[in-house]
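Here are my notes, jotted down while going through the coordinates. Have a look for yourself before reading on.

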Protein chains: 2
Amino acid sequence: MTTIAVIGDGGWGTALALLLDRNGHRVRIWGAFPDYVAEVRRRRENFKFLKGVQLPDSLELTAEPEEAIRGAALLVSAVPTRFLRGVLERFASVVGPKLPVVSVTKGIEEATLWRPSQIIHAALDRHRNGGMRGRRIAVLSGPSHAEEVARRLPTTVVTASRDPALAKRIQRLFMSDRFRVYTHDDPAGVELGGALKNVIALAAGICDGLGFGDNAKAALLTRGIVEIARLGAALGARRATFHGLSGMGDLITTCISPHGRNRYVGMEIGRGRSLEEVLAGMVMVAEGVFTTRAARMLARRHGVEMPITEEVFRVLFRGKSPARAVRDLMVRGRKAESEEVR
Amino acid sequence: MTTIAVIGDGGWGTALALLLDRNGHRVRIWGAFPDYVAEVRRRRENFKFLKGVQLPDSLELTAEPEEAIRGAALLVSAVPTRFLRGVLERFASVVGPKLPVVSVTKGIEEATLWRPSQIIHAALDRHRNGGMRGRRIAVLSGPSHAEEVARRLPTTVVTASRDPALAKRIQRLFMSDRFRVYTHDDPAGVELGGALKNVIALAAGICDGLGFGDNAKAALLTRGIVEIARLGAALGARRATFHGLSGMGDLITTCISPHGRNRYVGMEIGRGRSLEEVLAGMVMVAEGVFTTRAARMLARRHGVEMPITEEVFRVLFRGKSPARAVRDLMVRGRKAESEEVR
């Protein structure tokens, strides 16, 4: 039995906490809002973020950083990207330099274009000499709707670290007969796949809004991963990583699910509404809208060709008609697939 | 304007003939049954295989091999795998050794385990000394439901040949603002992807029948391509090819479409029916049932690990329960994704 602290009481953090609890570990979830944490503890249900799933009594909940990590041998960081730096800085004084961290957050930080694991390093270890070098960190990602994991539907993910022993340990802790974990040694690639897929999810929504079919959707996903992998390679990741669970796998889930926010935004735009109109009617954030800007910025900085991302950007932010964008993608110069996927 | 003969009056042959006609070429479709061909010519509709799509007067139809290929500069072979050898042998005496062929058939021949392009070579050129060496042949494949191509919905495919000039010529002939064509130099990989994806489509159906979700479906597709690529590599194809349009792309279309026969068979089996029961109630053939046997045979012959294919085989032909098969897949030994997709 390992004691594990899960930082973040959203749907994904809670689903993973449940999984680890079922695997026989002692799990403590930390949430930022004491009143909400107290009510979840009382109801035994994370009624805002993982409705209808009963939390066992063995699962502990707290809003105190120190209590959350007491005796923990692993920290699971499950905080949304835009709150990540602030939250982790609250933990910097209580988390020792030896505590390994597994990040399960998907996204890119707006101001810095950093990946979640880079933010975690910086937030936890910036006051410590040589601390960033010493911290053992892993990421875990893949096609994994939280609701399905909580309902024990079969799910397969990947955990990646530069420290192979840590990846193997996380594989052992998380794996069950309903949750299969592969290890990987390219954490940057695994993280970038989870963030960049949302640009293609927007494009998939636009295709749906235009009334296109399965041929267009499948080609979009396949070609989408090619350009994501191209950018990833320029950022130091391995191309092959993007064809795995955290790249293509996650992209497929995002694009076939009828519930995705990014796909919804794309679909409404494909039907002729403007980005402002669509966003004005939404309570939650569609991460891909920002990621499109970030990906385009990174592509330009590194001289990487990303035709789909470029067209999504023009449709979202430059008022280009979706039909025209598709046409421009279809009639681009004649290419060889074999030169790009090799 | 190029004169093109399309051999085979099924849905896919007809949709491609329409596309080529719209691109300004002179196109002749050949069908095996004179009475049916005459009626299609009269009605201007391929009412059995591409219902509701009007055929322009410029599109010619014939049941005479000699008439079909008169003046043709390219032969499009669109005959289902199990009729391919017999049909092409009827053309052997009228097709000269210089006429290039593009094969658009997906499958593996049951008796020989040959790919369609190999069958075409053998059928057309076996009486000619050195003929098989001389014949220029290409394949064209990818995510492409015929109905969507006929309705001019955007579609993206790949054409592959060992002769780069032929691949580029086919790209030029077929490409339009609704039909994008990439070239490729690995015809074996392109053909194998189109055939082997049907095993994974059966597995995807089984998952649906068991009530699983998007996480399982996405992982299945991602891991499915890994083992298909492994077999492909053993058969002389390149792994990267399987991550492209003819591999993952085609697999996605097959698995997200609600209409696929292979997915249907899998779904009924996932719900608890036996293969015999399901097949007895079907008029059309589910190609993947045979391909599962062929793929397993090839995997054993070449010593390739294909865990998903093996479990599909056991469920279809050995009476194994689908739930048990999934469990066995989930709890296999712990693996590294990075070692396999590299």
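By what turn and what shift along the axis can chain A be laid on chain B?

1. A turn of 180 degrees and a shift of 0.0 Å along the axis do it, and the RMSD is 0.0 Å. The two copies are thus related as by a two-fold rotation axis. Keep in mind that this is a predicted model.

2. On how the copies meet: 100% of the interface residues of chain A are interface residues in chain B too, so the same surface is used by both copies.

3. Now the overall form of chain A. Its 342 residues would give a radius of gyration near 20 Å if they made a compact globule, and the value for chain A is 20 Å, so the two agree. If you want box dimensions, the C-alpha atoms fill roughly 60 × 40 × 35 Å along the principal axes.

4. As for how the chain packs on itself, take the contacts between residues at least 6 apart in sequence: 70% of them join residues at least 24 apart.

5. Burial and surface next. In chain A, 64% of the 342 residues count as buried. The accessible surface of the chain is about 13300 Å², and carbon and sulfur atoms own 50% of that.

6. On charges, chain A carries 52 positive and 36 negative side chains, with the centres of the two sets 3 Å apart.

7. One residue I'd click on is Glu337(A), which sits in the loop between helix 16 (322-330) and helix 17 (338-341) of chain A. Is Glu337(A) buried or exposed? Its relative accessibility is 1%, so Glu337(A) counts as buried, the cut-off being under 20%. Leaving out residues up to four places away in sequence, Glu337(A) touches Arg223(A), and from chain B it touches Val158(B), Tyr182(B), Thr183(B), His184(B), Gly244(B) and Leu245(B). Val226(A) is 111 residues from Glu337(A) in sequence, yet their C-alpha atoms are 9.5 Å apart in space.

8. Then try Ser58(A), found in the loop between helix 2 (34-43) and strand 3 (60-62) of chain A. With 43% relative accessibility, Ser58(A) counts as partly exposed. What does Ser58(A) touch, not counting residues up to four places away in sequence? The list is Asp21(A) and Val27(A). Ser58(A) and Arg22(A) are 36 residues apart along the sequence, with a C-alpha to C-alpha distance of 9.5 Å.

How values were computed. Residues are numbered from 1 along each chain as its sequence is written. Chains are lettered from A and ligands numbered from 1 in the order in which they are written. This is a predicted model: local features need pLDDT of at least 70, side-chain atom pairs count only at pLDDT 80 or more; totals for chains, interfaces and linings use all residues. Side-chain values use heavy atoms; hydrogens and water are left out. The radius of gyration is taken over C-alpha atoms; the globule rule is 2.2 Å times the number of residues to the power 0.38. Buried means under 20% relative accessible area, exposed over 50%, partly exposed in between (1.4 Å probe, protein chains only). Contact means heavy atoms within 4.5 Å. Accessible areas come from the Shrake-Rupley method with a 1.4 Å probe; for residues, only the protein chains shown count as cover. Lys and Arg count as positive and Asp and Glu as negative; His and the chain ends are not counted. The place of a charge is taken as NZ of Lys, CZ of Arg, CG of Asp or CD of Glu. Copies are superposed by least squares on the C-alpha atoms of residues with pLDDT of at least 70 in both. Helices (H or I, at least four residues) and strands (E, at least two) are DSSP runs, numbered from the N terminus.
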